[in-house]
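Colleague: I would like to learn how to read a model like this one. Could we go through it feature by feature?

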Amino acid sequence: MIKIAIIGFGTVGQGVAEVLIEKKEYLTKVVGDYKVVAVADSKGSITGDFDLNHALKVKRDKKRLPDGLTALEIVKNLDFDLLIETTTTNIEDGEPGLTHIKEALKRGKDVITSNKGPLVVSYKELMKISKKNNCNLLFEATVGGAMPVIKFVRRCLAGNKILSIKGILNGTCNYILSRMEKEKMPFKQILAEAQELKIAEADPSYDVDGIDAASKLVIVANALLGIDAKLKDVKITGIREITPEAFDVAMEKGYTIRLIAEAGNELKVSPRLIPLNHPLVLQGTLNALQIKTDLAGDVVVVGKGAGKRETASAIISDFIDLYANQTINFI
Ligand SMILES: NC(=O)c1ccc[n+]([C@@H]2O[C@H](COP(=O)([O-])OP(=O)(O)OC[C@H]3O[C@@H](n4cnc5c(N)ncnc54)[C@H](OP(=O)(O)O)[C@@H]3O)[C@@H](O)[C@H]2O)c1
């Protein structure tokens, strides 16, 4: 029996819980029996022998979990095998996720996370701790939500040298730029509409100033290029200065503009001119990565970069990757 603790019970944590319930029969066939033995948010928790559907209902109805063990007490003391860490991203010091993940790994527990903060701040250290304690830290959901990149490159492009990686790692910026391209409206106006549609946050700076894309680039560079990259190593330019006129000039020459994150000779996030027929010219909130390799040439992966079920997809794929006990029969 795999005992799971879900720490962080917001959009993603609840999405994972829902899929663990919905696909119980299939997942049990693939990974063996499992049970969620703890869920925690910032205010409380439910632990022990409980009904996960009930926990979801409590969180939805009351907006918080009842008083109980704190997330840290669960991570440090409770009996579990797998921590699913889905607390809020903090790229300054990685907390609270960094401590949750470190403590679980130190106890030899496997960890799956969607939280970029701990990996942006301490990728190498966390990998060292997991190796030392003979357990795993998987993080497919941190880069591009449902877009499969980490396991795809490690498995399907095994044997290739990865020469460079570039792509679109922020759906909000891609939404704004692709609408500017089509409608020739100013940045501020489209940003305001994106905020109304909840595609952009009330404080959009993390997205539109390129920091979110840079954070994902740091994770990809560490995981797939094997370099010890930190956020300060990324040259970052956001999209606030892009004008509708810039699109006119670009398009006259057969180009458009997208926010491109690139890891090759240097780490860079910046608005770039791209030919209109290039595979990275996507519309809406899609994410994409173009991986340049020595054997396979260029490979492009496209997918949804965010969303409750989409991000749960990446976490569930890590879950299967960790515990699959037989050849996977795809549904
Ligand atoms: N949403 C997406 O599409 C998506 C996609 C890829 C990656 N991610 C990443 O996945 C993570 C979760 O995203 P989300 O959208 O689910 O965020 P969210 O809805 O804001 O949920 C975050 C959860 O973390 C909890 N939390 C915060 N501090 C905590 C602490 N000290 N101890 C225990 N729990 C704590 C919050 O508690 P309360 O409920 O009490 O506030 C909340 O339940 C983030 O790191 C995000 O960057 C999200």
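Modeller: Start with a term. Helices and strands are DSSP runs, numbered from the N terminus; a helix needs at least four residues and a strand at least two. With that, the place of Pro96 can be given: the loop between β4 (82-85) and α5. Keep in mind that this is a predicted model.

Colleague: What is the peptide bond from Glu95 to Pro96, cis or trans?

Modeller: The bond is cis, with omega near 5°. There is another backbone point to look at. Lys63 has phi near 70°, a positive value in a residue other than glycine. Lys63 sits in the loop between α3 (52-62) and α4 (71-77).

Colleague: How many helices and strands does the protein chain have?

Modeller: The count is 13 helices and 12 strands. The C-alpha trace spans about 65 × 45 × 40 Å along its principal axes.

Colleague: What does the radius of gyration of the protein chain agree with?

Modeller: With a compact globule: for 331 residues one expects a radius near 20 Å, and the protein chain has 20 Å.

Colleague: How do I read a pair of packed helices?

Modeller: Two packed helices are described by the angle between their axes and the distance between those axes. Here, helix α5 (residues 97-106) packs with α6 at about 10°, the axes being 10 Å apart. Angles under 35 degrees count as roughly parallel, so α5 is roughly parallel to α6.

Colleague: Which residues of α5 and α6 meet?

Modeller: From α5, Gly97, Leu98, Ile101, Lys102, Leu105 and Lys106 take part. They meet Gly117, Pro118, Val121, Ser122, Leu126, Ile129 and Ser130 in α6. By class, this contact has seven nonpolar, four polar and two charged residues.

Colleague: And the domains: which stretches does the assignment give?

Modeller: Domain 1 covers 2-144 + 308-323, and domain 2 covers 153-304. Their centres, over C-alpha atoms, are 28 Å apart.

Colleague: Which residues come nearest to the ligand?

Modeller: Gly8, Gly10, Asp41, Ser42 and Ala306, out of 26 residues around the ligand. Helix α1 (residues 11-22) gives the most to this shell, with three residues. By class, the shell has eight nonpolar, 14 polar and four charged residues.

Note on methods. Residues numbered from 1 in each chain as written. Predicted model: local features only at pLDDT ≥ 70, side-chain atom pairs only at ≥ 80, totals over all residues. Domains from an automatic or database assignment. Near = placed C-beta within 6 Å. Nonpolar A, V, L, I, M, F, W, Y, C, P; charged D, E, K, R; others polar. Axes fitted to C-alpha atoms, helices over the stretch in contact; angles between N-to-C directions. Parallel < 35°, antiparallel > 145°, perpendicular 65-115°, else oblique. Contact = placed C-beta atoms within 7 Å. Rg over C-alpha atoms; globule rule 2.2 N^0.38 Å.
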